[in-house]
Amino acid sequence: MTHGNGTRDGGQLADVSALRPGGHAVVVGGGLAGVTAALALADAGVRVTLLEGRPRLGGLAFSFQRGDLTVDNGQHVYLRCCTAYRWFLDRIGGTALAPVQDRLDVPVLDLARPEGRRLGRLRRDALPVPLHLGRSLATYPHLSLAERASVGRAALALKGLDLADPALDTEDFGSWLTRHGQSARAVEALWDLVGVATLNAVAGDASLGLAAMVFKTGLLSDPGAADIGWARVPLGELHDRLARKALDSAGVRTEVRTRVTSVCMNENGGWSVQVPDERLEADAVVLAVPQREAHDLLPAGALDAPGNLLEIGTAPILNIHVIYDRKVLATPFLTALGTPVQWVFDRTEASGLKEGQYLALSQSTAQNEIDEPVAALRERYLPELERLLPRTRGAEVKDFFVTRERTATFAPAPGVGRLRPGARTKAPGLYLAGAWTATGWPATMESAVRSGVGAAGAALGALGRSRGLLPDFFEEAA
């Protein structure tokens with residue numbers, strides 16, 4: 001199968017060393033970090049080969065076919081403040097396919113309240129920070145008056161934290177919230193509502209540094225920062241098809257189904273990358289793979305403490321997919337309290353479903369459920385959906401299935417910051433990328449793209465190429 005520019009699925013790698021001046025870079029890994037690094041290097045005039053072991057690009061944000069439907073492995077969203085991912089969408093021509101809300105608006109249903117009084121909303125007004133959330137907080141029915149006032153005080157204290165202070169990484173967010181007067185209810189109904197979805201950890205298990213970064217950047221930096229964006233098409237359309245088209249246009253040679261078995265420095269000071277039946281020579285290598293895979297490929301001496309990579313824990317996300325014979329949810333998404341259900345998204349149109357409605361439940365912090373049988377999950381979640389969405393009570397379930405990402409994200413536990421390496425290694429010409437590297441962000445699509453640009457920037461400097469064409473969004477995170 002050919003993808004243009006001599007790309008094909010595995011097999012012998014053609015010699016295209018004359019394609020482009022400016023050195024040759026090999027990027028190992030075709031997730032968002034690797035695709036970004038490859039595009040940024042190619043845009044700066046470097047000849048790039050991208051190697052991916054899977055038959056597709058996109059890493060952990062991908063789609064697959066189930067009968068006539070195109071199914072995302074999980075629901076991925078981003079925020080308006082995710083400037084790197086928004087640059088990536090623009091670079092691959094996908095911005096219009098993953099639009100952002102005009103204004104933050106999150107329906108929050110609390111099943112512990114009587115019917116008719118269950119709905120609250122988190123939304124913003126067109127006012128400066130922090131007044132943009134003032135009216136929403138003042139009328140949020142899921143907290144008492146005293147709890148709402150204390151949330152405001154804690155938000156101001158959070159705004160005053162210095163994200164550059166390494167001490168923030170040593171404390172957990174839950175302890176900080178308790179010290180700042182947050183009740184268990186406030187944590188559940190507000191802080192964890194946002195934190196679990198963005199960090200994949202409850203407050204007590206999350207680094208204060210990462211939590212503060214999320215809340216300061218998303219809710220306290222700019223009025224529109226937390227407006228939510230998501231793909232209205234399958235993720236594979238963006239992260240595989242459009243990404244591959246952009247790579248082809250940039251002159252990148254993309255090889256899928258091509259697993260790298262070793263990376264080592266050669267006698268000329270360059271790099272040799274071994275794949276089945278072939279060895280590629282490169283001036284620079286970017287390892288854009290998960291931390292354990294990176295650990296196994298790193299040559300000796302490349303990092304002072306390579307064992308740190310194995311100490312970065314992982315956290316799962318469980319995705320439950322339910323197809324009904326009729327429409328049961330009237331909004332694009334909602335989130336819930338008083339039930340195991342966290343976030344529910346309508347994926348009907350994106351999947352290609354012609355009749356009925358397709359709901360996707362995204363369940364973060366799913367350590368206790370990730371290995372449960374489908375039958376047990378069906379028994380638990382279908383009654384919860386009936387409690388949550390009255391229209392499901394007479395509806396027929398046409399399909400129920402589960403996707404599991406056991407290592408969906410790195411675990412944002414206190415102390416993880418000191419374990420995350422930067423883009424540069426001690427081996428000249430070898431760089432690291434991935435959402436797990438030291439981007440300052442939790443494990444998000446934003447972190448992955450930032451890491452790819454960071455690795456490309458470091459490589460360009462070593463290759464003597466201008467970094468002038470690199471996107472400049474790093475300052476915006478401050």
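Start by selecting residues 145-159, helix H4: at 1.5 Å a residue, its 15 residues should span 21 Å, and the end C-alpha atoms sit 22 Å apart, which agrees. Keep in mind that you're looking at a predicted model.

Now show the side chains of Glu147, Arg148, Ser150, Val151, Ala154, Ala155 and Leu158, which are buried in H4. Look down the axis: these residues cover an arc of only 160°, so they lie on the same side of H4.

Next stop: helix H12, residues 374-388. Its 15 residues should also span 21 Å at 1.5 Å a residue, and with end C-alpha atoms 20 Å apart, that agrees. Pick out Leu377, Tyr381, Leu382, Glu384, Leu385 and Leu388, which are buried. They fall within an arc of 165° seen down the axis, so they line one face of H12. Ala375 and Glu379 are exposed on the face turned away. Here the packing partners are strands, including E7 (105-110), E15 (314-324) and E19 (397-410).

Last, select helix H1 (32-43) with helix H13 (445-463): they pack at about 35°, axes 7 Å apart. H1 passes H13 in a right-handed crossing. Zoom in on the contact, where H1 brings residues including Leu32, Thr36 and Leu41, and H13 brings Met445, Gly452 and Leu460 among others. By class, this contact has twelve nonpolar, three polar and no charged residues.

Note on methods. Residues are numbered from 1 along each chain as its sequence is written. This is a predicted model: local features need pLDDT of at least 70, side-chain atom pairs count only at pLDDT 80 or more; totals for chains, interfaces and linings use all residues. Side-chain values use heavy atoms; hydrogens and water are left out. Helices (H or I, at least four residues) and strands (E, at least two) are DSSP runs, numbered from the N terminus. The expected span of a helix is 1.5 Å times one less than its number of residues. Buried means under 20% relative accessible area, exposed over 50%, partly exposed in between (1.4 Å probe, protein chains only). The arc is that of the directions from the helix axis to the C-beta atoms. Contact means heavy atoms within 4.5 Å. Axes are lines fitted to C-alpha atoms, for helices over the stretch in contact, and angles run from 0 to 180 degrees between N-to-C directions. A crossing is left-handed if the near helix is turned anticlockwise from the far one by less than a right angle, and right-handed if clockwise. Ala, Val, Leu, Ile, Met, Phe, Trp, Tyr, Cys and Pro count as nonpolar, Asp, Glu, Lys and Arg as charged, and the others, Gly among them, as polar.
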